[in-house]
Amino acid sequence: MTSKKQSSQVAACDSQVIMWALPWAMRPEKKRKKAPQDVPTMRRRAKYLLKYLAEQEIALQVPSIVVSELLAGVDPQKHAKLLSEFDARFFCPPFDLRACPLAAKLWQFERGLQGLTSGLPEEERSVRKVLKSDILIVASAKVAGAALFFSHESKCRRLAIEAGMEAKDLPESSGDLFTDQEIDEDEGS
């Protein structure tokens, strides 16, 4: 797994990627909830991504908004331990004043309010009236130096591109047959 060490490239991801890669933190009743994706497949893909980042020595930052969303699914008695682990393993940039103008610009982009673009298609727009956490996550990541952004959600990737990052889906394999087999065995496939 990547850590806080200095790296020439910095990547970030959305909350779902971390939830898939690190499911140990979720409460059991949250794990059983019906998901729109094939969770075992997405867990493998998230693990492939973390392995790829580690092998390429690409630092992974986990915006504090992501950490907050993760904590919502964790027993409060485990919060301190989880925060300690995140602090030791990742750089967790905050949503701060530097991220505010970018988040506002992304919200305007999403709604087609900038006049330069038509925004996201209606079916991909947030239904909430406030800034959606994906926008806050992307803005936090970009102003903290992320050049790459990983998400399985096309809308989130489009926001990352609009923010000036290279956006990618999770890899479907590690590129190494033996690594894939090892991860598959860990998942009990």
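Helices H7 and H8 lie oblique to each other, a term for angles that are not under 35 degrees (roughly parallel), over 145 (roughly antiparallel) or 65 to 115 (roughly perpendicular). Helices (H or I, at least four residues) and strands (E, at least two) are DSSP runs numbered from the N terminus. The model is a predicted one, in which local features need pLDDT of at least 70 and side-chain atom pairs count only at pLDDT 80 or more, while totals for chains, interfaces and linings use all residues. Residues are numbered from 1 along each chain as its sequence is written, and side-chain values use heavy atoms, leaving out hydrogens and water.

In H7, Asp 134, Ile 135 and Val 138 meet Lys 155, Cys 156, Leu 159 and Ala 160 of H8, where contact means heavy atoms within 4.5 Å.

Val 138 is listed with Ile 18, Leu 60, Val 62, Phe 86, Phe 149 and Met 165 as having the most contacts inside the largest nonpolar core, which has 48 residues. Such a core is a set of buried Ala, Val, Leu, Ile, Met, Phe, Trp, Tyr and Cys residues joined through side-chain atoms within 4.5 Å. Helix H7 (residues 133-143) gives the most to this core, with six residues.

Gln 61 touches residues including Val 10, Phe 91, Pro 93 and Ser 140.

Methods:
Buried < 20%, exposed > 50% of the residue type's maximum accessible area, 1.4 Å probe, protein only. Lists of a residue's contacts leave out its neighbours within four places in sequence.
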